[in-house]
Amino acid sequence: MTFFFIVFVIFFVYVGSILLFIIGNFRNSAPTTKRQDNSVSVIVAVRNGERSLQNLLLALSRQNYGGKLEFIIVDDESTDNTENIILHFSAHDDRFKYVSSQNSVTPGLSHKKRALDAGIIRSDGDILLFTDVDCRMGEHWVQTMASYFTESVDYVIGFTQANPKKSIASIFQAVDLHMLMACTRGTTQLGFPLASTGQNQAYKRQVFEKSGGYSLLKDHLQGDDSLFLQIARSRSGATVVFASSSDSFVTGRTETSWRQLLRQRIRWAGDTALMWKYNRLFFLYLAVVFLTNVMIFLSLFGFYSSSILALLLIIKFGSEYAFFHFSKSQFNSNLRWSSFVIWFVINIPYIVAMGTMSAFGSKFTWHGRKLQT
C-alpha cells in the first residue's frame, strides 16, 4: 500500500508541474523595446566546424541591427579548415574577429568555456549573445534578442527548435526540444527560470563579471548555459526573461541518427548531478521526471497490475499532450499530433536510459574530449 501511495504522489507532483508549465506559458511575455543603441557581441565557439561554419557566418553577416555589432568567432583548437574560413570572412567584413581559444587568460578553464572566455575577453559589447555553429537564424535575430534588455533585464533566454525530417530520431528530437523549451518558457515566466540553452541566450557583460565568469564551472564540458544561469541568478542577482518573439528563434541541427542524438543528449545529461549544487528545486524536478518514467517502465514488466499501468499511461499522456497542444500556439509550431505520439512512446525508455547514463557521462567524448562530471 505504501508503494502505491508513493507512486501516485510522484505522479501528482509530475502532473502538477506540467500544469504550472501551462500556466506559465499563458502568462504575458516580456515586453520588448525599440532601442538599438546597445553594443552587442555575438560569440561563437567552433571546434572542427567547417561543414556548418560558412552558412552560420553568412546568416550572421545579414543581421539587421542599428547599434554597434561584432561577431567573435573562436577557433577552439580545430584541426580542419575552420581557421581559414573565419579569417576569410574577417578579411572582408570588419565586424568579424578571429580569436583562438588559447587566448583565454582565466586559469583552470577547459573545453568550450575556455573558448567562450577567450571570446568574451576579446569582445567589446555590453550585451553578450551566444549561439552555436550548427544554428541558423533570421536577419532580425540580434535586433530582437537585444530588444528585450532594459535596465531591469539582465539575462535573455532564446528559443531553439529543430526541424523534423523523415527519420524517427529527428521527429523525436523536434518534439523533445519543443517540450524542453516550453518548460523553460513556462518556468521563466513564472519567475523561477530553471534552464537555458547555449544555442540562443544573451546576458549583460556585467552579469558575467559579477558571476566570476566560468570560474565555478571549470573542468566541465557543459555548464555554459543552464548551470551558468543558476550562478548568474545567485551571484549577480540577474533578472531573467524569455524571448518569445519568432524573430528571436534559432534553428539547430537536426539529428537524423540515434547515435548522434543520444551522444548529444548524454552530454546534456552530464549537468544533472551538478544541478543539485546550484538549484535543488530543478534537481528534484528532474528526479520526479526520472522516477515517473521508471515506474511506468517497470510496470511494463509486470511489477504491478495492467489496470494501474493503464491509469498511469492515461494520466501521463493526457497531461503531456495538453501541454504540447497549448505550447504549440505559443511558438507557432507546426508539429503534428502524430509526432507527439511517437515522442510519447519513445520518451519513457529514453528518460530511463538518459537518467541512468548521466551517471557515466565521463565515459563519453565530444570532439575527442571527455566529459568531466
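At what angle do helix α6 (residues 168–189) and helix α12 (residues 306–331) pack, and how far apart are their axes?

Tutor: They pack at an angle of about 80 degrees, and their axes are 10 Å apart. Keep in mind that this is a predicted model, where local features need pLDDT of at least 70, side-chain atom pairs count only at pLDDT 80 or more, and totals for chains, interfaces and linings use all residues. Residues are numbered from 1 along each chain as its sequence is written, and side-chain values use heavy atoms, leaving out hydrogens and water.

Back to your two helices (DSSP runs of H or I, at least four residues; strands are E runs of at least two, and both are numbered from the N terminus). An axis is a line fitted to C-alpha atoms, for helices over the stretch in contact, with angles from 0 to 180 degrees between N-to-C directions. So α6 and α12 are roughly perpendicular to each other (65 to 115 degrees; under 35 is roughly parallel, over 145 roughly antiparallel, the rest oblique).

Now find the contact (heavy atoms within 4.5 Å). On the α6 side, look for V175, H178, M179, M181, A182, C183 and R185. Facing them from α12 are E320, F323, F324, S327, K328, Q330 and F331. Sort these contact residues by type, and you get 8 nonpolar, 3 polar and 3 charged (nonpolar: Ala, Val, Leu, Ile, Met, Phe, Trp, Tyr, Cys and Pro; charged: Asp, Glu, Lys and Arg; polar: the others, Gly among them).

On a 1 Å grid over the protein atoms alone, a cavity is a set of points where a 1.4 Å probe fits but cannot get out; a pocket is an open set with protein on both sides within 12 Å along at least five of seven lines, and lining residues have an atom within 4 Å of a point. Points join across faces, edges and corners, and the volume is the space filled by probe spheres set on them.

Take the second largest pocket, with a volume of about 300 Å³. Its lining has 19 residues, and A162, P164, S333, N334 and L335 lie nearest the centre. Strand β7 (160–161) and α6 are the elements that give two or more residues to this lining, and α6 gives the most, with 4. By type, the pocket lining divides into 8 nonpolar, 8 polar and 3 charged residues.

Next, the cavities: there are 2 of 30 Å³ or more. The largest cavity holds about 50 Å³ of space, and T160, Q173, L177, Q199, G252, R253, Q264, R265 and W268 line it.

One last stop is N332, in the loop between α12 and α13 (337–357). Its phi is near 50 degrees, a positive value in a residue other than glycine. With a relative accessible area of 64%, N332 is exposed (over 50%; buried is under 20%, partly exposed in between, with a 1.4 Å probe and protein chains only).
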